[in-house]
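Student: Could we go through this structure together? I would like to start with the helices and then turn to the backbone.

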Amino acid sequence: MRSRVAKTIRDLPSSGIRKFFDIASGMEDVISLGVGEPDFLTPWHIREEAIFSLEQRLTTYTSNAGLPELRHEISRYMTEKYKLTYPPKTQILVTVGASEGIDVALRAVVDSGDEVLVVEPCFVSYSPCVLMAGGIPVSVPAGVENGFRVTADDLKPRITDKTKAILISYPNNPTGAILGRQDLESIAAVLREHEIIVISDEIYAELTYGDTSHISIASMPGMYEKTIVLNGFSKAFAMTGWRLGYACGPEDLMAAMTKIHQYVLMCAPTTAQYGGIEALRKGGPSVLSMRKEYDTRRRFMLSELRKIGIDCFEARGAFYLFPSIKRFGLTSEDFCTRLLDEQSLAVVPGTAFGACGEGYVRCSYAYSIDNIKKALSRLNAFIKSL
């Protein structure tokens, strides 16, 4: 029956992240730094509110766009955090995770043959989602020489009369890079010259370290009107399994996305939506606490990687480091395969995030310090064996 599978789907590669996760899950004594899964439990007050909603028999469908109370809280949050105003009735859609937001945003704007600029390295689903929407992904590599920050000069030569949209994600998975105001201003200056929709995945916005706060590209002059902002609860609130996200953007685009959403999914899980309301109302202290711990792990892992002789860019966001393994003479795939076989340590090859990720691996620090110490000890032993 393989020949009966749609060609677009048949030709899609499997997730490079899940490949190593699945192998590791069948091995004993494996330490994994591979999956972007917070090791914190969802804060109790959020779980308690969800349980209470079940006890109150609040288990029916909600509005396609999401509970009005949740959309109101999202609107308030976006205004307070990022100075962006989105009317809850017309410019906010509650999605099944930010991942659904990526899918429906692309399907809402992309016609067959349209080109979509995909800034890489990036989350594994971006180019596949472009293909499934009928579009053509155009890679825009953002190299370490500029701190993995995409620049205006990176974009200009790749924009054509077929360019319909750009997919951008900062803080970035897998590099941990962030974009500052000057970066965003120069990018916005280029995009304002073209009729290009910006799909900005900001799922790691709360996980920005140091003195710099996250700035959304939608807040740049002339960009609010052409930007879809995607975010969610998985990373900041440790709510990965709740599958709750949201999209904010121009009314016409949100209406189109809602149309797709209502046919395919009806609405996000009701219980998760009640948890999301509580998270936005009272979850701030928990976010700060988790971010502080992530920052401690970030600085520790970076320091230890450098001590054992591995070059690594200093991530300023998300919860990943993207160290270079070029000096060891192995491809990213071979390095990760041997590391798993010889030391039972799982990390993700950089090529899972685009061809420009060759020579790098992704290590998550969404794990305890003890786990990170054990992992780095195994990594050091592997490096010495080379």
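Predicted model: local features only at pLDDT ≥ 70, side-chain atom pairs only at ≥ 80, totals over all residues.

Student: Which residues of α8 are buried?

Tutor: In α8, which spans residues 181–191, the buried residues are Asp183, Leu184, Ile187, Ala188, Val190 and Leu191. Viewed down the axis of α8, these buried residues fall within an arc of 155°, so they line one face of the helix.

Student: Why do residues three or four places apart point the same way?

Tutor: An α-helix has 3.6 residues a turn, so residues at that spacing point the same way.

Student: What do the buried residues of α8 pack against?

Tutor: They pack against α7 (152–155), β5 (163–169) and β6 (197–201).

Student: Turning to helix pairs, at what angle do α4 and α10 pack?

Tutor: Helix α4 (residues 68–82) and helix α10 (residues 270–282) pack at an angle of about 30°, and their axes are 9 Å apart. That angle makes α4 roughly parallel to α10, because angles under 35 degrees count as such.

Student: Is that crossing left-handed or right-handed?

Tutor: The crossing of α4 and α10 is left-handed. On the α4 side the contact is made by Glu69, Leu70, Glu73, Ile74, Arg76 and Tyr77, and on the α10 side by Gln273, Gly276, Ile277, Leu280 and Arg281.

Student: How do the residues of that contact divide into nonpolar, polar and charged?

Tutor: The contact of α4 with α10 has five nonpolar, two polar and four charged residues.

Student: And α3, how does it cross α10?

Tutor: The axes of α3 (residues 44–55) and α10 come within 8 Å and cross at roughly 140°. This makes α3 oblique to α10. The crossing of α3 past α10 is right-handed.

Student: Which residues make the contact there?

Tutor: From α3 they are His45, Ile46, Glu49, Ala50, Ser53 and Leu54. From α10 they are Thr271, Tyr274, Gly275, Glu278, Ala279 and Lys282. The residues of the contact of α3 with α10 divide into five nonpolar, four polar and three charged.

Student: One more pair: how do the axes of α5 and α9 cross?

Tutor: The axes of helix α5 (residues 97–109) and helix α9 (residues 251–264) cross at roughly 115° and come within 9 Å. Here α5 passes α9 in a right-handed crossing.

Student: Which residues meet in that pair?

Tutor: Glu100, Gly101, Val104, Ala105, Arg107, Ala108 and Val109 of α5 meet Leu253, Ala256, Met257, Ile260, His261 and Val264 of α9. The contact of α5 with α9 comprises nine nonpolar, two polar and two charged residues.

Student: Now the backbone. What kind of peptide bond joins Glu120 and Pro121?

Tutor: The bond joining Glu120 and Pro121 is a cis peptide bond, with omega about 0°. Pro121 is located in the loop between β3 (115–120) and α6. A cis peptide bond also joins Tyr170 and Pro171, where omega is about -5°. Pro171 belongs to the loop between β5 and α8.

Student: What is phi of Lys83, and where does the residue lie?

Tutor: Lys83 has a positive phi of about 60° although it is not a glycine. The residue lies in the loop between α4 and β2 (92–95). Lys83 counts as exposed because its relative accessibility is 66%.

Student: What about Ala318: buried or exposed?

Tutor: Ala318 counts as buried, because its relative accessibility is 0%. Its phi is near 60°, a positive value in a residue other than glycine. Ala318 is found in the loop between α11 (284–307) and β9 (320–321).

Student: Changing topic, what does Ser127 touch?

Tutor: Leaving aside residues up to four places away in sequence, Ser127 touches Val118, Glu120 and Pro137. Ser127 is in helix α6 (residues 126–132). The C-alpha atoms of Ser127 and Ala346 are separated by 24 Å, and the two residues are 219 residues apart along the chain.

Student: Lastly, where is Ile9?

Tutor: Ile9 is in helix α1 (residues 7–10). With a relative accessibility of 41%, Ile9 counts as partly exposed. Ile9 and Val35 are 26 residues apart in sequence, and their C-alpha atoms are 24 Å apart in space.

Definitions and conventions: Residues numbered from 1 in each chain as written. Heavy atoms only, no water. Buried < 20%, exposed > 50% of the residue type's maximum accessible area, 1.4 Å probe, protein only. Helix = DSSP H or I, 4+ residues; strand = E, 2+ residues; numbered from the N terminus. Arc of directions from axis to C-beta. Contact = heavy atoms within 4.5 Å. Axes fitted to C-alpha atoms, helices over the stretch in contact; angles between N-to-C directions. Parallel < 35°, antiparallel > 145°, perpendicular 65-115°, else oblique. Left-handed = near helix turned anticlockwise from the far one by under 90°. Nonpolar A, V, L, I, M, F, W, Y, C, P; charged D, E, K, R; others polar.
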